[in-house]
Amino acid sequence: DDYAEKVKFLYDHGMMKGESTGIATVDDLFTIAPGQISVVTGIPGSGKSEFIDQLMINLAKNNGWTFAVASFENPPDLHIAKLSEKLSGKCFFEGDDRMTQEEVDTAKRFINDHFMFIEQRSGDATTADSILDRISQACLRKGIRGAVIDPYNYIVQDAGAEENEHQFINQLLTRLLAHARAHDIHIWFVAHPAKMPTNADGTTAVPKGMNIRGSASFFAKADLGVTVHRVGDVTEIHAWKVRFKWLGKIGSTKLSYNVRNGRYEERKVNITTTRFGSSKRRNRDDDVPF
């Protein structure tokens, strides 16, 4: 009886859908819901951070989301430049399509309104307590809807802690999930995989949740598990765990990465004309989930 009203709401309205990622084929895989944690993995250089940046820009533009970002491998000034490119669709640095000063100023104002960056300016190592405290402050001060920790291995165990790496990761993910639910935010947590084997054709195997170095808890605790995997000029997005079926499904899709502006884009389908004047699709698997 204590839950009757909530159960009635579910019966009348169903489960709430997640927010769009801003990329149609990715929405076919998963959407973004507050109160959850996403674990994102992929071999170094695959575009994990760039993909999360794209999601943040899309959610900020389309839904007004604000974010706290702890990006340990991206200095804030460089990170702002990258976000500006994704926002404007133009190159921040040299080139014919370089952003104008007016466009830079517009992007800066937008980023100032929607992003805050978590830094450890004291030079001390970042601990779980310090980063969780600052995420909580960001929730109170700026009303953030999302937070990013990229990557996790920059967080060190608190002094005097005796747990091993698996226990540390398990406890950290448990605390992050509790924070996400308590503050109704979505947390993206980036983790590197163990060294992946090479296939017979020379390509690298796609890492999934159980391949992440350090603990099986990355798979167990994630609400949403995603791999960003680059093969040549194609980026594959793999959803290897979706806890709630109304928010997505397990599968994968392909995107193109525009190196000039850092944007991920839908794969274009080549259209050819037959001798009878009819059109025929080619490379059909480039525009649909596989």
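A: Axes are lines fitted to C-alpha atoms, for helices over the stretch in contact, and angles run from 0 to 180 degrees between N-to-C directions. Helices (H or I, at least four residues) and strands (E, at least two) are DSSP runs, numbered from the N terminus. The model is predicted, with local features requiring pLDDT of at least 70 and side-chain atom pairs pLDDT 80 or more, while totals for chains, interfaces and linings use all residues. Residues are numbered from 1 along each chain as its sequence is written, and side-chain values use heavy atoms, without hydrogens and water.

Q: Why are α3 and α4 called oblique to each other?
A: The axes of α3 (residues 48–63) and α4 (residues 76–88) come within 10 Å and cross at roughly 60°. Angles under 35 degrees count as roughly parallel, over 145 as roughly antiparallel, 65 to 115 as roughly perpendicular and the rest as oblique. The pair α3 and α4 is therefore oblique.

Q: Which residues make the contact between α3 and α4, and what classes do they belong to?
A: Contact means heavy atoms within 4.5 Å. On α3 the residues are E50, D53, Q54, I57 and K61, and on α4 they are H79, K82, L83, K86 and L87. By class there are three nonpolar, two polar and five charged residues. Here Ala, Val, Leu, Ile, Met, Phe, Trp, Tyr, Cys and Pro count as nonpolar, Asp, Glu, Lys and Arg as charged, and the others, Gly among them, as polar.

Q: Why is K82 called partly exposed?
A: K82, in helix α4, has a relative accessible area of 22%. Buried means under 20%, exposed over 50%, and partly exposed in between (1.4 Å probe, protein chains only). K82 is therefore partly exposed. Leaving aside neighbours within four places in sequence, K82 is in contact with E50 and N74. The C-alpha atoms of K82 and D53 are 8.3 Å apart, although 29 residues separate the two along the chain.

Q: What makes α4 roughly perpendicular to α5?
A: Helices α4 and α5 (residues 101–114) pack at an angle of about 110°, with axes 10 Å apart. That angle makes α4 roughly perpendicular to α5. I80, L83, S84 and L87 in α4 meet A107, F110 and I111 in α5. The residues of this contact divide into six nonpolar, one polar and no charged.

Q: In what order do the strands of the open sheet lie, and which are its edge strands?
A: Nine strands run in the order β3-β2-β5-β7-β1-β8-β9-β10-β11, with mixed pairing. The edge strands are β3 (115–117) and β11 (263–266), each pairing on one side only.

Q: How do you know that β7 pairs with β1 and with β5?
A: Two strands pair if DSSP finds at least two bridges between them. β1 and β7 are parallel over five bridges, with I37 opposite I187 in β7. Four bridges join β5 to β7, also in the parallel sense, and V148 has W188 in β7 as its bridge partner.

Q: What makes β7 mostly covered?
A: Five of its five residues are buried. H186, W188 and V190 lie on one side of β7, and I187 and F189 on the other.
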